Amino acid sequence: MLGGMERILLAVGLAAVALGVAAVLRQRQRPDAPVRTGYAVPDQVDRADFVRPDVPWLVAVFTSATCGTCQGVWERAQPLASDAVALQELEYGADRALHDRYGIEAVPTTLVVDASGVVLASFIGPVTATDLWAAVAEAREPGSTPGGCE
């Protein structure tokens with residue numbers, strides 16, 4: 001048989017165990033932190049910040065040396081360079097100020113920009129050559145992209 005003091009200690013021990021179990025269950029029921037669903041892309045850039053600001057179009061590819069996907073995006077963009085289209089790679093280590101200025105938080109980020117600096121198309125992450133080239137064609141001549149390619 002348990003004495004008075006032993007009963008009190010047993011009750012305190014059981015209460016402590018019950019509080020511990022309740023705390024664990026409460027922790028498990030908390031909702032997860034919100035998941036980030038997207039990154040911001042600038043609507044406008046200052047063409048003077050980029051190469052060849054005098055040409056009508058700019059394709060700017062924001063990259064990082066540590067990004068495995070970035071090299072492929074840059075390679076797919078290179079054939080777009082022409083007298084009318086300026087092409088520039090902005091690697092984070094070399095061009096961090098522009099990444100910061102335009103709020104680029106994810107790489108690769110690709111922008112298709114007109115002569116006024118308006119961003120007409122953008123891609124975050126990998127982009128196919130077809131989609132990138134179609135975006136430039138559509139920017140240069142609206143309505144030129146076949147249905148389903150926008």
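The model is predicted, so local features need pLDDT of at least 70 and side-chain atom pairs count only at pLDDT 80 or more, while totals for chains, interfaces and linings use all residues. Residues are numbered from 1 along each chain as its sequence is written, and side-chain values use heavy atoms, with hydrogens and water left out.

## The overall layout

The protein chain holds four helices and four strands. Here helices (H or I, at least four residues) and strands (E, at least two) are DSSP runs, numbered from the N terminus. Starting at that end, the order of elements is α-β-α-β-α-β-β-α.

Of the 150 residues in the protein chain, 34% are buried. Buried means under 20% relative accessible area, exposed means over 50%, and partly exposed lies in between, using a 1.4 Å probe and protein chains only. A contact means heavy atoms within 4.5 Å. Among contacts between residues at least 6 apart in sequence, 68% join residues at least 24 apart.

Let's begin with β1, which spans residues 57-63 and has seven of its seven residues buried. On one side sit Trp57, Val59, Val61 and Thr63, and on the other Leu58, Ala60 and Phe62, with both faces covered.

Which strands pair with β1? Strands count as paired if DSSP finds at least two bridges between them. Strand β2 (residues 85-91) runs parallel to β1 and is joined to it by seven bridges; within this pairing, Trp57 has Val85 as its bridge partner.

Helix α2 has buried residues of its own: Cys70, Gly72, Val73, Trp74 and Ala77. Their cover includes β1, β2, β3 and α4 (129-140).

## Charged side chains

Side chains of opposite charge can pair when their charged atoms come close. A salt bridge is taken as a side-chain nitrogen of Lys or Arg within 4 Å of a carboxyl oxygen of Asp or Glu, and by this rule there are two salt bridges.

| Salt bridge | Closest N and O atoms |
|---|---|
| Arg101 and Asp49 | 3.1 Å |
| Asp100 and Arg96 | 3.7 Å |

The pair of Arg101 and Asp49 links distant parts of the chain, 52 residues apart: Arg101 belongs to helix α3 (residues 96-101), and Asp49 to the loop between α1 (4-29) and β1. Asp49 is partly exposed, at 23% relative accessible area. Asp100 and Arg96 are about one helical turn apart because they are four residues apart in helix α3. Asp100 is partly exposed at 49%, and Arg96 is also in that class at 48%.

Where does Asp114 sit? Asp114 lies in the loop between β3 and β4 (119-124). Asp114 is buried but has no salt bridge, and the nearest side chain of opposite charge, Arg47, is 6.0 Å away. In this count Lys and Arg are positive and Asp and Glu negative, with His and the chain ends not counted. The side chain of Asp114 does reach the backbone nitrogen of Val118, at 2.9 Å. That is a polar contact, a pair of N or O atoms within 3.5 Å; within protein, one must be able to donate a hydrogen and the other to accept it, and residues adjacent in sequence count only if both atoms are side-chain atoms. Leaving aside residues up to four places away in sequence, Asp114 touches Arg47, Pro56, Trp57 and Leu120.

## Thr109 and the backbone

Thr109 belongs to strand β3 and is buried, with 3% relative accessibility. A polar atom of the Thr109 side chain lies 2.5 Å from the backbone oxygen of Ala106. Beyond residues up to four places away in sequence, Thr109 touches Ala60, Val61, Phe62, Ile104, Phe123 and Ile124.

Most residues other than glycine have a negative phi, and most peptide bonds are trans. Val107 and Pro108 are joined by a cis peptide bond, with omega about -5°; Pro108 is in the loop between α3 and β3. Arg52 is not a glycine, yet has a positive phi of about 45°. Arg52 is located in the loop between α1 and β1 and is partly exposed at 35% relative accessibility.
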